[in-house]
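Please have the sequence and the coordinates at hand.

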Amino acid sequence: MASAAMLLALPILASLVLHRAQADCEPVTCGNLTVKYPFWLGAPSQTRPEPSCGPPSFELWCAGNGTNTTSASMRGSAVHVLRIDYAAGSFVASHTRVAAGDDGVCRTDFNMSSSLALSPFRISAANRALCFLYNCNGTEPPLGHELVNATAGCGRPIYAYLGGSYDRDTPPAIAKGRCTYAYLPTLGPEVEAENETAADYGRMLKAGFLLEWTGAGIADCEACAGTGGQCRYSNASAGFACLCAGGRLLGSTCAGEYVLPLA
């Protein structure tokens, strides 16, 4: 009788496990963001669950920034997520080195691409290249509509130039004298984009830049959800997994699985 009772209890236990697993990965909010697969919320002291609510690279940490607002960072890094377009597979991010405060232009001498090394994210060609010239020693090109003095409160002269489409491997072809320079991706507001000039550098640094992702099991997630499953990431197999009734992890879908009736 005890064995029979245990057998009868198994479907109930499986149902509870599935409910718990589903609840753990329900869409959540962080500030104005809705966080869902492939993105998911983690925390500094949290051990990555198995399965996870999304791939490791898509883990966000949600925290206040001291100004009564909440923001999501890529695992506590300087890269913060501002908006996510799940349908397009893209999101707008900013880098606190240049976006925080009103003197970010003084800290633009770094390689943005290095902050995204080994990640599945690609800097979109929809961004424009915002260039900054330093150490010109009087050799800077003439100032005008394209080149403006961005020194502001910085300890050295800095000049800003707004180039064309951003290309990580091909710097913009600009007259730069004997200056050293860096260039960063920037995505201005769509309505004002055609009127953007280098003089808008401060706002553009805060507005962020567009990143795109591919893969991450997005197509699999749609198929999984279409068969009643929940989208997950298996750390053990380093790939997409579909969480089905009874807590079973399958490849892409729950097709052919017996679905437990959930109360």
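How do the residues of the lining of the largest cavity divide into nonpolar, polar and charged? In this predicted model, six of them are nonpolar, four are polar and none is charged.

**Strand β13 and its partners**
- Strand β13 spans residues 209-213 and is mostly covered, with four of its five residues buried.
- β13 runs antiparallel to strand β7 (residues 90-95), and four bridges join the two.
- One of the residue pairs between them is V92 with L210, the latter being the bridge partner in β13.
- β13 also runs antiparallel to strand β8 (residues 121-123), to which three bridges join it.
- Here F121 has W213 as its bridge partner in β13.

**Residue S124**
- S124 sits in the loop between β8 and β9, the latter covering residues 128-134.
- The relative accessible area of S124 is 2%, under the 20% cut-off, so S124 counts as buried.
- Its side chain reaches the backbone nitrogen of A126 at a distance of 3.0 Å.
- Once neighbours within four places in sequence are set aside, S124 is in contact with L210 and E212.

**The cavity**
- Searching the whole structure gives one cavity of 30 Å³ or more.
- The volume of the largest cavity is about 50 Å³.
- β7, β12 (180-186) and α3 (201-207) are the elements that give two or more residues to its lining.
- The lining consists of S94, H95, V98, M112, P185, T186, M204, L205, G208 and F209.

**The largest pocket**
- The largest pocket holds about 530 Å³ of space.
- Its lining has 26 residues, of which C25, P27, K36, Y37 and C231 are the closest to the centre.
- At least two lining residues come from each of β3 (40-42), α4 (218-226) and β14 (230-234).
- α4 provides the largest share of the pocket lining, at four residues.
- By class, the pocket lining has 18 nonpolar, three polar and five charged residues, whereas the lining of the largest cavity has no charged residues.

Definitions and conventions: Residues are numbered from 1 along each chain as its sequence is written. This is a predicted model: local features need pLDDT of at least 70, side-chain atom pairs count only at pLDDT 80 or more; totals for chains, interfaces and linings use all residues. Side-chain values use heavy atoms; hydrogens and water are left out. Buried means under 20% relative accessible area, exposed over 50%, partly exposed in between (1.4 Å probe, protein chains only). Two strands pair if DSSP finds at least two bridges between them. A polar contact is a pair of N or O atoms within 3.5 Å; within protein, one must be able to donate a hydrogen and the other to accept it, and residues adjacent in sequence count only if both atoms are side-chain atoms. Contact means heavy atoms within 4.5 Å. On a 1 Å grid over the protein atoms alone, a cavity is a set of points where a 1.4 Å probe fits but cannot get out, and a pocket is an open set with protein on both sides within 12 Å along at least five of seven lines; lining residues have an atom within 4 Å of a point. Grid points are joined across faces, edges and corners, and a volume is the space filled by probe spheres set on the points. Ala, Val, Leu, Ile, Met, Phe, Trp, Tyr, Cys and Pro count as nonpolar, Asp, Glu, Lys and Arg as charged, and the others, Gly among them, as polar.
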